[in-house]
Amino acid sequence: MNYNPYNNGGYPPQYPQQPQYTQYQQPYQPQPLTPEQIQAQQQMYMQQMQIKRARSAEKSQILTAGIALGGALLANLLAQVICVFAIQALGLMDTYNNSFLFQHAFNIIAVDICGLVIPFYVISLMLKNRYTVPLVPVKKVGFVQGAAWVFLGLAIAFLANILTQGVIELFKLAGYKLTQPEQLKPTTALDCVLLLFSTAVAPAICEEFAMRCSALGALRRHGKAFAVVAVSIVFGLMHGNMIQFVFAFTLGLILGYITVKTDSVIPAMFIHGLNNGLSVIQDSLKLVTSGNTASTITSVIMIVYFFLGVAALIYLAATRNLLPKKEPAEIKPYTLGFGTKLLLLAPGLFIPFLILIAFTSQYVTKI
């Protein structure tokens, strides 16, 4: 007899009995979403997409701003190189090396105007849609408050000089000497006047326009603190050697803070001009004094600046003008972190940084 698994003695085949569910043990059946739930899910998805797009847009804006600022620094260097080649082509290099007037006129035209004002003004035109304040902020600041900010900035410049000297001493301990390029010294009263314009007046106007107007304005929408620190780095790179980088970065922090706090670049210009003017005073005094008299007088002026800065600090704190006013925090879930912003800025500044290292190496000598 053939075996038939379905043969059960003539009875129908037996199948497992289906489970019986009670009212508390019903099989899971997904419930259809209500229109309100569908709308809530759609809104959540849209918010997530908006956050993603906003973060991506901010990353792109900071990255392009860094490239633009790095390009402006390279244009600054290129303008100087072109002017030098033009001098060589015209056979005027010997005149440049031996003429105080030629050297300092060159600085005003090639370095300050062609190398700074023009490239950074072009940058401001390219990024004009990103500015949340006027390109040149000149909000009215009271005389007393403005003077207090200027003296505070000069006191910070005094401390920046000490910090820079400390860096120089650290290099000496490592067996190296840091130097920086020097130019001809004035020999006449006319030279002193020209030195005042090329060292104090022109840089105060042109460099502050480039840094605290154009560059700071382009980055300010991404956070005031980030903008101040980032522009201070650019300010240091612009000077092209390590000694000036340390000083310029430190001074740039207070110049940027004051500009953001007052919404005016005028105090920063005064600080910049008065600080640079100290070297003009020292070189000019050497024409009419002997020995270390000029250095002593300059040191006394710096100490006076420092104590006036301390008094200004107390005044600004007492009048509650020192710190930014607390404003309601705007919740932005897409806002990038401070470190992330700096990293996004770095690629555009990489080549200027390499140039800084290359230029610094030319003025490092082993003791």
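A salt bridge is a side-chain nitrogen of Lys or Arg within 4 Å of a carboxyl oxygen of Asp or Glu. This predicted model holds four of them. Side chains of opposite charge can pair when their charged atoms come close.

Start in helix α5. Here the side chains of Glu208 and Arg212 meet, with 2.8 Å from N to O. The two residues are four apart in the helix, so about one helical turn separates them. Glu208 is buried, at 0% relative accessible area. Arg212 is buried too, at 2%.

Now go to helix α4, residues 143–173. Glu169 pairs with Lys172, and their closest N and O atoms are 3.7 Å apart. These residues are three apart in the helix, which again means a separation of about one helical turn. Glu169 is partly exposed, at 37% relative accessibility. Lys172 is also partly exposed, at 37%.

Another bridge joins Lys185 and Asp283, at 3.8 Å from N to O. Lys185 sits in the loop between β1 and α5, while Asp283 belongs to helix α8, so this pair ties together parts that are 98 residues apart in sequence. Lys185 is partly exposed, at 48% relative accessibility. Asp283 is buried, at 11%.

Next, the cysteines. The structure has zero disulfides. Cys192 counts as buried because its relative accessibility is 14%, under the 20% cut-off. Cys213 is buried as well, at 1%.

Leu74, Phe350, Ile351, Phe353, Leu354 and Ile357 make a nonpolar patch of about 530 Å². Helix α10, residues 338–361, supplies the largest share of this patch, five residues. Phe350 lies in that helix.

Methods
Residues numbered from 1 in each chain as written. Predicted model: local features only at pLDDT ≥ 70, side-chain atom pairs only at ≥ 80, totals over all residues. Heavy atoms only, no water. Disulfide = S-S within 2.5 Å. Buried < 20%, exposed > 50% of the residue type's maximum accessible area, 1.4 Å probe, protein only. Patch = residues over 30% accessible without salt bridge, like charges linked within 9 Å, V, L, I, M, F, W, Y side chains within 5 Å. Areas by Shrake-Rupley, 256 points an atom, 1.4 Å probe, with all protein chains shown as cover.
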